[in-house]
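Biologist: Please show me the sequence and the model. I have some questions about the fold.

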Amino acid sequence: MPKWTYQLTVFNQLDRTLHLDNANIAWGGKDSGSDNFPDDIEPGKTAKYFVHSPAGTATGIEFYLTFSDTPPSGSTRYGTLRVSVDMPYWKHKNTSSCDTTGLLQATGFQKIPDGNHDFSTSVTISRSL
């Protein structure tokens with residue numbers, strides 16, 4: 001049983017900080033690197049979110065991340081970003097999605113092909129005009 005890995009790189013092209021509101025990892029674990037899974041992504045910066053399932057285990061990866069922008073005092077949020085990933089061990093039917101609400105736009109996200117158990121993608125978050 002091989003190690004299963006998934007890496008998401010988030011590019012924040014907003015004029016506001018992007019905050020990780022929720023990280024629900026149902027199956028797998030996050031890498032313990034000091035720069036992995038930051039709570040905040042400053043404007044113009046990138047962050048990495050790496051989840052894995054160790055070799056020798058009979059589980060895949062399943063997790064959900066929710067982000068939102070941090071508005072200045074007196075302003076409202078642009079919206080939210082939600083990323084969901086399911087790479088089941090027991091079948092070759094991977095699912096992944098990247099959805100936004102409000103004024104947020106996500107570009108560049110690639111869905112996981114069926115049967116893959118090592119995957120990396122990126123997403124750029126910006127505001128629609």
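Biologist: What share of the contacts in the protein with a separation of 6 or more comes from residues 24 or more positions apart?

Modeller: This is a predicted model, in which local features need pLDDT of at least 70, side-chain atom pairs count only at pLDDT 80 or more, and totals for chains, interfaces and linings use all residues. Residues are numbered from 1 along each chain as its sequence is written, and side-chain values use heavy atoms, with hydrogens and water left out. A contact means heavy atoms within 4.5 Å. Among contacts with a separation of 6 or more, the share from residues 24 or more positions apart is 58%.

Biologist: How many helices and strands does the protein have?

Modeller: Both are DSSP runs numbered from the N terminus: helices are H or I with at least four residues, strands are E with at least two. Along the sequence the pattern reads β-β-β-β-β-β-β-β-β-β. The count is zero helices and ten strands.

Biologist: Which residue in S10 is the bridge partner of Val10?

Modeller: Strand S1 (residues 4-12) and strand S10 (residues 118-127) run parallel and are joined by eight bridges. In S10, the partner of Val10 is Val123.

Conventions. Two strands pair if DSSP finds at least two bridges between them.
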